Amino acid sequence: MDVAQMIEIGQRAKKASQVLMCAGTMEKNRALLSIAAALRKSKDRIMEENALDIQAAKENGTSAAMIDRLTLSDARIEDIAAAVEKIVDLEDPVGTIDTGFVRPNGLSIRKTRVPMGVVGIIFEARPNVTVDAAALCLKSGNAAILRGGKEAIHSNQALAEVMRDAIENTGLPADSVILIEDTSRESATEMMKLNGYIDVLIPRGGAGLIRAVVEQATVPVIETGVGNCHIYIDKSADVQMGANIIFNAKTSRPSVCNAAETLLVHQDIAQEFLPVAKALLDTKYVELRGCQRTAAILGPSVVPATEEDYAKEFLDYILAVRVVDNLDQAIEHIRTYSSGHSECIVTRDLENAQRFVSSIDSAAVYVNASTRFTDGGEFGFGAEIGISTQKLHARGPMGLRELTTTKYIIYGDGQVR
């Protein structure tokens with residue numbers, strides 16, 4: 001794909017966005033319901049295309065975990081369609097007034113939510129992201145330019161065609177959703193530089209993809225997703241509660257960004273806590289990579305931890321462990337190694353809990369709860385476009401509201417300055 005072709009895609013999306021920004025909630029919801037119905041009706045065709053991606057993945061030696069994320073089935077397509085229908089039920093942020101006030105000269109000023117315009121999304125192997133992203137953008141009044149990975153290209157092409165037809169059948173532009181079918185690195189690079197057409201670019205995927213987008217893009221970027229998340233067990237923690245939390249945060253779904261990667265344990269409770277936690281983690285065959293004090297308590301099954309282990313997002317049944325002297329050392333460790341995603345303290349000490357949440361500068365900070373709750377659905381936002389680990393515009397799970405911006409609408413009665 002050359003620059004001219006990418007610009008043409010940008011022009012089409014911009015034109016569609018100008019229609020969507022004026023579309024009412026009922027129009028957008030009608031299009032979403034049309035998408036959900038079309039996905040169910042077209043599931044056989046979608047799964048035929050998905051089978052081509054799965055076959056290619058197997059031939060390329062793709063891991064079983066990645067193939068599972070890639071695979072679509074009747075049940076998964078139903079879940080995707082149902083997720084679209086849930087977005088219909090969510091409140092439309094467009095047109096809501098954040099603040100409103102009247103100036104002494106009589107001007108009525110209203111800070112009002114409006115669509116971003118054109119949202120670009122670069123993502124990897126999960127085809128459900130194609131639908132989730134398109135549906136969220138549509139509900140928030142944005143056109144979407146989607147660029148998935150080569151691993152899911154046949155699935156994404158089928159899903160995009162189904163959605164485009166469904167949207168057009170309700171009277172909105174098919175170009176509300178545009179899939180870039182060229183999966184070369186060049187197409188991604190050109191998309192990152194589509195200034196004047198893409199209003200914001202959101203990468204969803206591994207650390208390498210996110211880093212490349214942040215470093216190379218000239219359009220505005222919302223950085224998402226890399227999760228080196230920590231659980232700290234304070235000296236006053238309930239031992240069983242702490243064990244249950246680390247077990248859930250590590251093993252319920254280790255391949256996602258809100259899974260825990262490092263366990264920190266206060267030295268005063270380590271002797272009691274670590275064997276209890278290990279007994280649970282052993283049921284899922286979690287490999288522990290720990291410091292010398294961890295190995296002294298748990299024995300030779302603990303792999304000596306390296307500096308890299310404490311900095312790594314494993315996305316696997318591997319957990320880095322460190323026994324720390326006190327809360328201050330735990331905070332300093334998290335400040336050193338955290339990716340700014342989600343961190344948790346398990347404690348019965350209210351003062352320590354408050355110090356932890358005040359000192360830790362991550363998008364989500366928990367007291368006595370699993371980091372796995374950092375999710376748009378769990379926060380009550382419905383679906384999410386991603387989890388932002390930056391501080392500008394959006395931070396944490398990004399739902400419909402985070403896909404809008406604001407403009408000031410001013411009503412006067414002939415005032416001049």
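Why does T262 count as buried? The reason is a relative accessibility of 0%, where buried means under 20% relative accessible area, exposed over 50% and partly exposed in between (1.4 Å probe, protein chains only).

The views show a predicted model, in which local features need pLDDT of at least 70, side-chain atom pairs count only at pLDDT 80 or more, and totals for chains, interfaces and linings use all residues. Residues are numbered from 1 along each chain as its sequence is written, and side-chain values use heavy atoms, with hydrogens and water left out.

View 1. T262 belongs to strand 8 (residues 260–266); helices (H or I, at least four residues) and strands (E, at least two) are DSSP runs, numbered from the N terminus. Leaving aside residues up to four places away in sequence, T262 touches N228, C229, H230, I231, Y310, L319, A320 and H333, contact being heavy atoms within 4.5 Å. Helix 10 (residues 239–251) lies across strand 7 (229–233), strand 8, strand 11 (318–324) and strand 12. Helix 10 runs at about 160 degrees to strand 8; axes are lines fitted to C-alpha atoms, for helices over the stretch in contact, and angles run from 0 to 180 degrees between N-to-C directions.

**View 2. The sheet of 7 strands and its edge at strand 13.** This open sheet has the order 10-9-11-8-7-12-13, with parallel pairing; two strands pair if DSSP finds at least two bridges between them. Strand 10 (303–304) and strand 13 are at the edges with a single partner strand each, so one side of each has no neighbour in the sheet. Strand 12 (residues 342–346) and strand 13 run parallel and are joined by 4 bridges. Opposite V367 in strand 13 stands I345, and opposite V365 stands E343. From strand 12 the chain passes through helix 15 (residues 350–359) to strand 13 in a right-handed β-α-β crossover (with the strands pointing away from the viewer, the path from the first strand over the helix to the second runs clockwise).

View 3. An open sheet with parallel pairing has the strand order 5-4-3-6. Its edge strands, strand 5 (177–179) and strand 6 (200–204), each pair on one side only. From one strand to the next the twist averages 20 degrees. Strand 3 (residues 118–123) pairs with strand 4 (residues 143–147) over 5 bridges, and G120 stands opposite I145 in strand 4. Helix 1 (residues 3–20) lies across strand 3, strand 4 and strand 5, at about 145 degrees to strand 4.

**View 4. The largest nonpolar core.** The core holds 70 residues, and L39, I121, I145, L146, L201 and I385 have the most contacts inside it. A nonpolar core is a set of buried Ala, Val, Leu, Ile, Met, Phe, Trp, Tyr and Cys residues joined through side-chain atoms within 4.5 Å. Helix 6 (residues 128–139) gives the most to this core, with 8 residues. Another core, of 34 residues, lies apart from it, with I246, C291, L298 and V346 among its members.

**View 5. Helix 2 and its packing.** Residues of helix 2 that are buried include L32, I35 and L39. The buried residues of helix 2 pack against helix 3 (43–59), helix 5 (74–89), helix 6 and helix 7 (153–168).
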